[in-house]
Amino acid sequence: MIHGPVVPTPSALGKLRPLPADAVRLVTGGLLGDWQARNTAAASFIPSAFAPSAFAPSAFAPSAFAPSAFAPTGASATSADLAAFAASADLAASAASADGTHELAGHPGIEAALTGLFRVTGHRPYLELACRFLENRGHGALGDTEFGPGHHQDHVPLRSATEVTGHVVRQLSLLAGAVDVAVETHDHELLAAAERLYDSALASRTYITGGQGSRHRDQAYGDPYELPPDRAYAETCAAAASFQLAWRLLLATADVRYADEMERVLLNGIAAGVGVDGTSFFTTNPLQARTGHTRREPHPGACCPPAVAALMTSLHTRIATGDNSGIQLHLYGSGALRSAGRAIDVSTRYPWDEQVTVTVTASSAEPWALALRAPAWCADLRLTVNGTPAPARRLVEKGYLRLHRTWHPGDQITLTLAMPARRVAAHPRVDATRGAAALVRGPLVYCLEQADLPVSGKLAGAGVDDLELDPSAPLAVAYHTSGIAPVTLQAPVRFRPPAAEAPLYRTLPTEVPLHRNLPTEAPLHRNLPPTAPAPAAVTGVATAIPYFLWANRTPGPMRVWLPLAPRRP
């Protein structure tokens with residue numbers, strides 16, 4: 001059996017090296033370990049048609065290649081699976097045109113799979129075929145399709161593209177394949193192109209949850225800053241693909257931004273796609289629902305369940321890297337890992353608790369570096385080594401706390417990442433959320449769900465769409481031993497009961513007359529004075545839960561982005 005991601009060859013480009021699957025484990029009691037255990041328990045529920053060995057070699061022809069099932073995501077593969085993969089790759093090679101031009105898969109993904117097969121077998125023609133598929137894309141070879149060549153990333157060569165476009169999963173799968181090929185062939189230009197395109201998605205086309213894709217019709221990216229919360233497509237498959245791409249870029253560049261993105265999309269965008277039962281799934285992940293949204297059991301042909309299952313199977317291999325210089329910890333979850341004769345245990349209830357404790361269980365005689373990611377969202381981090389405080393901020397280098405010393409078994413490092421509740425605003429060009437804020441604590445995005453609104457008291461009868469965040473009152477963090485979440489946020493809100501039979505639109509009265517009694521020094525623009533009394537606002541406190549846990553109780557409305565109430569004079 002082969003578990004975990006295919007390791008790049010020793011000669012590949014890359015600043016970080018993944019650890020073998022059997023060198024890392026997650027344990028239950030922490031969020032990541034619990035998720036992985038739930039995935040294992042639910043595996044028998046996933047239809048057998050999703051298993052890699054169930055696919056006949058003919059299904060691997062380029063036009064039918066499904067990246068979520070076949071790319072080297074880390075799902076278990078038997079020798080029969082590998083034989084089927086090899087037979088399929090040989091079939092793809094024989095189907096390609098003799099001169100190698102204009103031949104490419106309709107759905108990218110085969111490029112990453114072929115590179116993975118090269119890494120396992122050492123058979124270079126597989127890598128060369130992946131290179132051909134990448135270089136052939138962008139010349140209109142697929143012809144005039146329903147959504148145009150950009151939908152398939154066939155509108156411009158990858159090396160010259162400046163921004164992501166088209167079908168999200170196709171785009172991310174293409175970039176994953178490009179990174180794999182680039183590191184194996186030492187193609188710096190191709191690697192830079194993949195970084196450039198992914199960065200363009202993160203800069204202006206990614207939801208606060210890490211989800212990508214704002215258009216339902218073609219499951220595609222929208223224009224820059226086109227991120228409507230209620231119309232978010234944000235496919236679970238796309239979130240998994242984003243995680244896989246960020247992992248590849250992290251290995252290639254050691255840029256902490258990609259580890260930060262892995263955390264964001266894993267704990268929000270991917271996690272929301274799976275119910276707490278582990279057997280129900282969302283395809284789309286809106287950030288606002290007016291009537292509820294229901295997860296469904298997987299069915300043959302669905303792409304999201306196997307994509308999530310494959311990712312969760314190999315999740316432990318994504319938390320850390322290691323080499324002769326030391327161990328680098330990128331994602332925080334309870335477990336144990338070893339590398340080059342060194343070993344550590346990690347104990348934490350992150351992201352519910354702020355503390356991460358790392359204990360050295362084995363060490364080499366020479367000094368080595370333990371690197372702990374300092375998340376971009378954390379403004380206050382504290383560190384102790386064997387109980388002695390250390391200057392945490394001064395030790396941060398390129399996003400990681402780097403502790404270089406001679407370590408001994410029993411040495412203990414405690415990292416505290418302060419997690420105050422925060423209100424977060426979007427870029428002003430995101431029209432759909434202008435004047436609104438999201439609630440965030442640590443890496444988790446929170447939401448208001450109708451199931452948590454009181455049925456009695458001052459907020460009785462309120463719907464989530466009737467509430468405004470009170471920006472003048474502080475947020476509070478609440479801890480629980482039971483209920484939907486161990487940690488919730490208590491958000492001060494104002495409730496304005498909607499007027500009975502209010503029309504959809506109403507005319508705003510004007511001053512009579514607007515030009516009278518204005519001082520000569522009147523500003524170019526001014527606020528409109530109130531012209532009619534607004535309904536009295538009722539103040540109260542609403543409970544916000546982690547976004548990934550919504551829709552696990554009574555179906556009902558939900559909002560991530562909440563309007564900000566006008567500040568009191």
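Begin by selecting Cys131, which is partly exposed because its relative accessible area is 22%. Here, buried means under 20% relative accessible area, exposed means over 50%, and partly exposed lies in between (1.4 Å probe, protein chains only). The model is predicted: local features need pLDDT of at least 70, side-chain atom pairs count only at pLDDT 80 or more, and totals for chains, interfaces and linings use all residues. Residues are numbered from 1 along each chain as its sequence is written, and side-chain values use heavy atoms, with hydrogens and water left out.

Next, select Cys303, which is partly exposed at a relative accessible area of 32%. How many disulfides are there? The count comes to zero, where a disulfide is a pair of cysteine sulfur atoms within 2.5 Å. Cys303 is in no disulfide, and the nearest cysteine sulfur, that of Cys237, is 3.2 Å away.

Now select residues 236-253, which form helix 8; helices are DSSP runs of H or I with at least four residues, numbered from the N terminus. Helix 8 has 18 residues and reaches 26 Å from its first C-alpha to its last, close to the 26 Å expected at 1.5 Å a residue. That expected span is 1.5 Å times one less than the number of residues. Because 18 of the 18 residues of helix 8 are buried, the helix is largely enclosed by the rest of the structure. Just after helix 8, Ala254 takes a positive phi of about 60 degrees.

Finally, select Glu468, which counts as buried at 18% relative accessibility. The side chains of Glu468 and Arg496 are joined by a polar contact of 3.3 Å.

Note on methods
Helix = DSSP H or I, 4+ residues; strand = E, 2+ residues; numbered from the N terminus. Polar contact = N/O pair within 3.5 Å; in protein donor to acceptor, adjacent residues only side chain to side chain.
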